[in-house]
Amino acid sequence: MIVRILSEGQFRVDDAAATELNHLDSQLETAVEHNDEPAFKAALTGLLAQVRAQGSPLPSDTLEASDLILPHQDSSMDEVRRLLTDEGLIPG
Amino acid sequence: MGVMKRVSLVFKAKANKALDKMEDPRETLDYSYQRQLELLTKVRRGVADVATSRKRVELQMNQLHQQATKLDDQARKALGLGREDLARDALTRKSSAQGQLNDLQVQYAQLQGEEEKLTVASQRLQAKVDAFRTRKETIKATYTAAEAQTRINEAFSGISEEMGDVGMAIQRAEDKTAQMQARAGAIDELMASGALDDVGGKRDDIQFELDQMGASSDVENDLRRLRGEIAASTPKQLEGSGGGANGDSQAARGGQAPQSQTQYAPPPPAQPAGLPVSDLPSANEPPQDGEGS
């Protein structure tokens, strides 16, 4: 599957890594729901590290949509919340 | 559903909405390509803007650094002259300048980070736009409108995801730049106010006092030197008829004697004083005429 880390690029990640990613992802989601900043930072950092470690970067000239998209490293919780709403952060 | 999936669905929804608007799918290709080129221009401008902002911060950091060094020097001099009060004042300002500097360093690093990210983003987008253009031509040449649909959708959602990502990155960089500029403006004002002491500025009271003290000790040194010179030449003077008062005024003029005075440069106003008054307006420095009269 293809995973994009926003403002970093796309990675091809083996499907086998999905379980681990989903686990970290649900931690991230819980942290956002509970407004828990430290847990949010930890989960996001862990998730991004996992994608970078497991995945291989896609060449710049590929035109494939990603299966999963992750907030960028320095995202605030507020930014992530807005990202989740339809008319939130994405311009255009 | 986790965060990752939801975000990707938001991106896909956005792309689909744009696709749905187009009647002929192949129109989408040209329209999208135009938007891509516009975005590329915007990213490049964004990189330039961040760079400009970064340079401004760099300039301020240099100023603050010079200022801190200068204040430190002043404190050392003041202490050497036994003026702890002045030294304390200089060090207080130095610490304030240093605080601003540390703050700026953090923000400078952030701007640098944004600049790098945007540069990479612009390169990546360029590569994708090139790929899209090739794909677009292939699709147009090979497929009928109906056949082209799937392929167009693929290319379109791939590029539109990238464009969304880059668009957000530009937005972030713009926000950071705006914050930085507001901050830079505030520091400029602070420096102009003299609260941090103006580098090479108009008013610098610590330097003024030090100069005064330095000047008065220079005067003392010169007096001592002149007395020595007079003492050395007294035998000749004694032979002449001049009284005490006369001798004094000659000594004062002796300060301008050309040969022995290489180290001490008297301030300009002292020089005309030694010349006959009638020489002033005609021969010497016409621009000063207005001032003099």
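Select B:Gln60 and B:Asp188 in this predicted model: their side chains make a polar contact at 2.7 Å, a polar contact being a pair of N or O atoms within 3.5 Å in which, within protein, one must be able to donate a hydrogen and the other to accept it, with residues adjacent in sequence counting only if both atoms are side-chain atoms. Residues are numbered from 1 along each chain as its sequence is written, while chains are lettered from A and ligands numbered from 1 in the order in which they are written. Local features need pLDDT of at least 70, side-chain atom pairs count only at pLDDT 80 or more, and totals for chains, interfaces and linings use all residues; side-chain values use heavy atoms, with hydrogens and water left out.

B:Gln60 belongs to helix α2 (residues 25-80) of chain B; helices (H or I, at least four residues) and strands (E, at least two) are DSSP runs, numbered from the N terminus. B:Gln60 is buried, at 2% relative accessibility, where buried means under 20% relative accessible area, exposed over 50%, and partly exposed in between (1.4 Å probe, protein chains only). Now display what surrounds B:Gln60: leaving aside neighbours within four places in sequence, its contacts (heavy atoms within 4.5 Å) are B:Leu104, B:Ala184, B:Ile187, B:Asp188 and B:Met191.

Next, select B:Leu118 and B:Leu125. Of the 38 residues in the largest nonpolar core, these two touch the most other members; such a core is a set of buried Ala, Val, Leu, Ile, Met, Phe, Trp, Tyr and Cys residues joined through side-chain atoms within 4.5 Å. Helices α1 (3-20), α2, α3 and α4 (145-193) of chain B each supply at least two residues of this core, and its largest share, 13 residues, comes from α4(B). Centre the view on B:Leu125: beyond four places in sequence, B:Leu125 is in contact with B:Leu39, B:Leu40, B:Val43, B:Glu162, B:Met163 and B:Val166. Apart from this core lies another, of 29 residues, among them A:Val32, A:Leu48, A:Ile69 and A:Met77.

Move along helix α3 (residues 84-142) of chain B to B:Arg124. B:Arg124 counts as buried because its relative accessibility is 10%. Not counting residues up to four places away in sequence, B:Arg124 touches A:Ser7, A:Glu8, A:Gly9, A:Ser60, B:Glu162 and B:Asp165.

From B:Asp165, follow the salt bridge to A:Arg4, whose closest N and O atoms are 2.9 Å apart; a salt bridge is a side-chain nitrogen of Lys or Arg within 4 Å of a carboxyl oxygen of Asp or Glu. Between chain A and chain B there are six salt bridges, and 18 residue pairs are in polar contact, both residues at pLDDT 80 or more.

Finally, inspect two backbone positions in chain A. A:Ser7 has a positive phi of about 60° although it is not a glycine; A:Ser7 lies in the loop between β1 (2-5) and β2 (9-12) and is buried, at 16% relative accessible area. A:Asn35, likewise not a glycine, has a positive phi near 55°; A:Asn35 sits in the loop between α1 (18-33) and α2 (37-54) and is exposed, at 52%.
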